[in-house]
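The sequence and the model are shown first, and the description follows.

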Amino acid sequence: MTPKNESGLQNKALVSEPALERAERLANLLASIVESSDDAIVSKNLDGIITSWNKAAERIFGYSAPEAIGRPITLVIPEDRQSEERDILTRIRRGERIDHFETVRRRKDGSSIIVSLTISPVKDGNGNVVGASKIARDITERKQTQEQISILAREAEHRSKNILANVQAVINLSQSDTSEGLKEVISGRIQAMANVHSLFVEARWIGAEVSAIAKQELAPYLEEGDDKRIVMEGLQTVLDPTAAQAVAVVLHELATNASKYGALSNAKGRIGLAWSRTEDGQLMLRWTEFGGPRVNAPERKGFGSRLIEGTISPLGGKVLFDWRAEGLVCDITVPT
């Protein structure tokens, strides 16, 4: 029983020393957790004045604790989002908790970050709301990654549709006397598109460089040494994926025609390939054949010529065939 004093009243039980020590240890542990957290943990009163500011808040927002404590929380809120704080304080006064609220906050250097906020009311011993505790997590990098994934997904969808459209065009413009011949023609043209796509992957879909495209498509005819069958000349020029794919198909078609009827059909024939940019940024590409069999201008456009024009024209480009006796000269303009 609780002992009584001389007046007969019971003495109040004293809190034992171990309990006080335990409470102190818990308080120190809580303070340590707050200070070591990777998330900004901030408290404020009902007037929006900052009352505590942990180390993560210093790192995330750029203000030291002495700089932040005693100042309004609007210190880190952009001008166009000030109304958010009024709404938050209204809900906190009602005792509401706000979970995972994504918004934008401002650092000391003026830069913006994206944060996820969890805000809880702070109550006194009588259960009255006296302030709020905020936990802010910097999710800027995560949101940027999500946006990048979204952009890449849209790009992949666009490229897939573009590939299928080009494959359809190749099939429509291809013809041969036999089914095996048709299969070979279509396969070669599709392989040309596949080749340039490997360059896109290496460049993370930025595009492909003209000389790299040409080397891929003309690889079977390139020789080492001074006496090259194909001489290429031009400044380093990167094409966007659409233009690069078109150039790959065109070079494949020109090389295929030259190997059957033109300069690459005998041992003495040579090819000159030169490119440059015009003042308005378009690619000018010239294919010149010489040293091969005598060339006669065709009476009608072949399927190769139609495919080249059908590949370049939709891009707003132009193709000019000059069937000279010493060899074909083809001038191609491609907007980039």
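## A residue in a loop

Is R229 buried or exposed? R229 is buried, with a relative accessible area of 12%; buried means under 20% relative accessible area, with a 1.4 Å probe and protein chains only. R229 is placed in the loop between α7 (210-217) and β7 (230-234). A polar atom of the R229 side chain lies 2.4 Å from the backbone oxygen of N266.

## Basis of the model

This is a predicted model, in which local features need pLDDT of at least 70 and side-chain atom pairs count only at pLDDT 80 or more, while totals for chains, interfaces and linings use all residues. Residues are numbered from 1 along each chain as its sequence is written, and side-chain values use heavy atoms, with hydrogens and water left out.

## Nonpolar cores

A nonpolar core is a set of buried Ala, Val, Leu, Ile, Met, Phe, Trp, Tyr and Cys residues joined through side-chain atoms within 4.5 Å. The largest has 37 residues, and I213, W287 and I332 have the most contacts inside it. Among the elements that give two or more residues to this core are α6 (179-202), α7 and β10 (283-290). The most comes from α8, with 10 residues.

W287 touches residues including L218, L251, I271 and V329 (heavy atoms within 4.5 Å), not counting residues up to four places away in sequence.

Methods
Helices (H or I, at least four residues) and strands (E, at least two) are DSSP runs, numbered from the N terminus. Buried means under 20% relative accessible area, exposed over 50%, partly exposed in between (1.4 Å probe, protein chains only). A polar contact is a pair of N or O atoms within 3.5 Å; within protein, one must be able to donate a hydrogen and the other to accept it, and residues adjacent in sequence count only if both atoms are side-chain atoms.
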